[in-house]
Amino acid sequence: FSQFGASSTSDFASAGWAQLALRPVLPGTSSALRQAALSTSGVLTVADRVRSSVARAWVWGWVTEAGVVVSGSGSTRTVTLTQDGRTVRIALSGLPSGSTVSVVSAPSGVVGPTGRALRAVTVTTGKTTSLALTAKVS
């Protein structure tokens with residue numbers, strides 16, 4: 001972590017937050033930060049801010065046992081995860097033009113901790129020199 005704390009004076013009014021410097025693991029970037037904050041109402045916000053001198057696509061993903069539905073278009077998408085009668089929504093914003101959100105089932109026999117089949121949710125951004133992707137999980 002490059003920073004962490006609990007404060008309502010940061011960019012995220014939160015119960016707790018962390019900031020990670022990602023530049024060491026993203027070669028070719030001039031800056032790369034991931035900020036995560038948990039609000040007092042239970043919403044998790046993850047914000048990635050990346051800059052590069054050369055336009056490139058970025059890949060971001062999750063693996064889940066839940067059922068997955070993707071909706072929306074343009075710079076925003078909603079990924080709805082449902083399992084055992086519970087639902088979690090991931091609101092994505094700041095997607096560059098040409099971005100895709102896809103869902104792929106894991107190969108047969110690859111299962112999660114409860115024995116259910118896994119799915120990979122993958123966000124592939126359109127090429128850009130400046131990424132400001134935000135995911136709000138509620």
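Reply: Here is a walk around the pocket, its salt bridge and the strands beside it.

A quick word on the ground rules: this is a predicted model, where local features need pLDDT of at least 70 and side-chain atom pairs count only at pLDDT 80 or more, while totals for chains, interfaces and linings use all residues. Residues are numbered from 1 along each chain as its sequence is written, and side-chain values use heavy atoms, with hydrogens and water left out.

The largest pocket comes to about 170 Å³. A pocket here is an open set of points on a 1 Å grid over the protein atoms alone, where a 1.4 Å probe fits and protein lies on both sides within 12 Å along at least five of seven lines; lining residues have an atom within 4 Å of a point. The volume is the space filled by probe spheres set on those points, which are joined across faces, edges and corners.

Of the 13 lining residues, Leu26, Arg34, Asp48, Trp58 and Val59 sit closest to the centre. Strands are DSSP runs of E, at least two residues long, numbered from the N terminus. By type, the lining splits into 9 nonpolar, 1 polar and 3 charged (Ala, Val, Leu, Ile, Met, Phe, Trp, Tyr, Cys and Pro are nonpolar; Asp, Glu, Lys and Arg are charged; the others, Gly among them, are polar).

Now for Asp48 and Arg34: their side chains form a salt bridge, 2.7 Å from N to O (the cut-off is a Lys or Arg side-chain nitrogen within 4 Å of an Asp or Glu carboxyl oxygen). Because Asp48 is in strand β4 and Arg34 in strand β3, the pair ties together parts 14 residues apart in sequence. Asp48 is buried, at 6% relative accessible area, whereas Arg34 is partly exposed at 26%. Buried means under 20%, exposed over 50% and partly exposed in between, using a 1.4 Å probe and protein chains only.

Ala47, for instance, has Thr134 in β11 as its bridge partner. Strand β8 (residues 86–93) also runs antiparallel to β11, joined by 4 bridges, and Ile90 stands opposite Val137 in β11.

Definitions and conventions:
Two strands pair if DSSP finds at least two bridges between them.
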